[in-house]
Amino acid sequence: MILDTKETAVAYRCPHCGKGIISMVGIFALSGDMIKLKCDCGKSELMLTYNKDDKVRLTVPCIICPKPHSFTVSKNLFFGKEVFRLGCTYTGLELCFIGEKDAVIEALKENESMLLGMFEEAGVTDLDALHRDNTYDLIDDPMIEEVLRFMLIELKDEGNIHCNCEDDEESSYSFEFVAPEYDTVKIFCEKCGASVEIPMTSVINANAFLHCDELYLK
């Protein structure tokens, strides 16, 4: 009998301390119970489970959003790519890297450089502050609305906002902050009513939105 010794590297960045967490995951370990990749600070963990339909389910902490994101990928994809990236559902910010160890380490370094530049621009030095309740006080910053208006114009001009309007219809997009906390922005089409809600508690969220390539309204 030939044993299957496949393994892949999995990495994520702790949204509280900023440390990159990386671990090798083998196919035999994955076929058992849930696997947890925990940060040394004790404030975040990535969870992996293997389903009977040859799909791998991941729950990944997010630098921006208050709650982790869930992803499902095939076993072949999980073990077969040099490097595969999973991003924040709302901002597209890369959260998780899967693949060959050296390629994953390099992707993690690139991610760190990008985040450092984004945080420096926003004047943020403490990642943990992004996940405290008092970050809601930052929603009054006018820069957030400026970024939202700019990105809606850019994405619309590039044809990268998708809603329920017909192809020959001229869609019109707007946004509003959702009461009562006003920590989420609702982007919607004024014609068909399709919308999406995105966490928007600070300038950091707004800067992350600048990396959005496409926007899907439902």
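**Charged contacts and a buried histidine in a predicted model**

Let me begin with Lys156, which has a relative accessible area of 34% and is therefore partly exposed.

The bridge links distant parts of the chain, since Lys156 sits in helix α4 while Glu170 belongs to the loop between β9 (161-162) and β10 (173-177), 14 residues apart. Glu170 itself, with a relative accessible area of 54%, is exposed, because anything over 50% is classed that way.

Glu154 contributes to a negative surface patch, together with Asp157, Glu158, Asp213 and Glu214.

How many salt bridges does a search of the whole structure find? The search gives six, and one of them brings together the side chains of Glu110 and Arg85, at 3.9 Å from N to O. Glu110 is in helix α3 (residues 101-122) and Arg85 is in strand β7 (residues 83-87), so this pair ties together parts of the chain that are 25 residues apart in sequence. Both count as partly exposed, Glu110 at 41% relative accessibility and Arg85 at 34%.

Now I would like to turn to the interior. Is His69 buried or exposed? His69, found in strand β6 (residues 69-74), counts as buried, because its relative accessibility is 6% and the cut-off for buried is under 20%. Leaving aside neighbours within four places in sequence, His69 is in contact with Leu58, Thr59, Val60, Cys62, Cys88, Thr89, Tyr90 and Leu95.

Finally, the protein as a whole. It has five helices and 13 strands, and buried residues make up 43% of its 218 residues. Among contacts with a separation of 6 or more, 47% are between residues 24 or more positions apart. The protein exposes about 12000 Å², of which carbon and sulfur atoms supply 47%.

Methods: Residues are numbered from 1 along each chain as its sequence is written. This is a predicted model: local features need pLDDT of at least 70, side-chain atom pairs count only at pLDDT 80 or more; totals for chains, interfaces and linings use all residues. Side-chain values use heavy atoms; hydrogens and water are left out. Patches are made of residues with over 30% relative accessible area and no salt bridge: like charges are joined within 9 Å, nonpolar side chains (Val, Leu, Ile, Met, Phe, Trp, Tyr) within 5 Å. Accessible areas come from the Shrake-Rupley method with a 1.4 Å probe; for residues, only the protein chains shown count as cover. A salt bridge is a side-chain nitrogen of Lys or Arg within 4 Å of a carboxyl oxygen of Asp or Glu. Lys and Arg count as positive and Asp and Glu as negative; His and the chain ends are not counted. The place of a charge is taken as NZ of Lys, CZ of Arg, CG of Asp or CD of Glu. Helices (H or I, at least four residues) and strands (E, at least two) are DSSP runs, numbered from the N terminus. Buried means under 20% relative accessible area, exposed over 50%, partly exposed in between (1.4 Å probe, protein chains only). Contact means heavy atoms within 4.5 Å.
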